[in-house]
Amino acid sequence: MRLYESPSPNARRVHVFMAEKGIDMERVRVDIRKGENLSPEYRARNPIGRVPVLELDDGTFLAESVAICRYLEHLNPDPCLFGAPGLPAAQVEMWHRRAEINFFLNVASAFRNITGFFKDRETCVKEWGEVCAKTAADVLPVFDAQLAQSEYLAGDTFSIADITLAIAIDFARMVKVVTLPEVPNVDRWHKLVASRPSYSAE
Ligand SMILES: N[C@@H](CCC(=O)N[C@@H](CS)C(=O)NCC(=O)O)C(=O)O
């Protein structure tokens, strides 16, 4: 297998997931700043033109970080990071979707629209970025309330929901476009997640 990637939060999700699973593979660096991900050659791997992309040994391409992680979970089920079948898996899915849709995507949209980082390839609307930044900040207390009563986001067990939210928070802190509210339970939990050896995987 081979992973097409760049230093970016979505590729990082896969790196941490791989480290949790003890999976390693060849990496191919894609320069997204220069737009290598928009070339016809790259779009043949992923028509959406984003990283990461996993290439299987038979030449199949799999894009979308979560789809890649699901496949890696299938290859190496331990530790279980998508939740045990039944209610635990549904709870992981619920918190993961909240982390991804309500927080991560708003942080990413704020970053893209406010900074114009990818203005060579998309229309950026600063005001929309500011709306997204506020939406991201406003939803963080929901995670804080959950983490006041639960060690990890979806319960007692570390899961992909924790990977996505922790990396999204790191990204928000790094790009500084979202004014993050005080969230002590999120801070407690983030230290716990960051102390895992997998979390420093690159
Ligand atoms: N939903 C996709 C999002 C992938 C994505 O947005 N990747 C960013 C890097 S974090 C990218 O490729 N950006 C390059 C661009 O927008 O041209 C996933 O989960 O993999």
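**Exercise 1.** In which sense do strand β1 (residues 2-5) and strand β3 (residues 53-55) pair, and over how many bridges?

*Solution.* Start with the elements: strands (E, at least two residues) and helices (H or I, at least four) are DSSP runs, numbered from the N terminus. Two strands pair if DSSP finds at least two bridges between them. β1 and β3 pair in the antiparallel sense over 3 bridges. Y4 has V53 of β3 as its bridge partner.

The model is predicted: local features need pLDDT of at least 70, side-chain atom pairs count only at pLDDT 80 or more, and totals for chains, interfaces and linings use all residues. Residues are numbered from 1 along each chain as its sequence is written.

**Exercise 2.** Give the strand order of the open sheet and name its edge strands.

*Solution.* The order of the 4 strands is β2-β1-β3-β4, with mixed pairing. β2 (26-29) and β4 (61-63) are the edges, as each pairs on one side only.

**Exercise 3.** Which residues come nearest to the ligand?

*Solution.* Count a residue as near if its C-beta atom, placed from the backbone, lies within 6 Å of the molecule. The ligand has 13 residues around it; S8, N10, I32, R50 and S65 come nearest. Next, find the elements: α1 and α3 (65-75) each give two or more residues to this shell.

**Exercise 4.** How many residues does each domain bring to the contact between domain 1 and domain 2?

*Solution.* Take the bounds from the automatic or database domain assignment: domain 1 is 2-75 and domain 2 is 87-200. Each gives 10 residues to the contact (C-beta atoms, placed from the backbone, within 7 Å). On the domain 1 side, helix α1 (residues 9-21) supplies the largest share, 7 residues.

How values were computed
Two residues are in contact if their C-beta atoms, placed from the backbone, lie within 7 Å.
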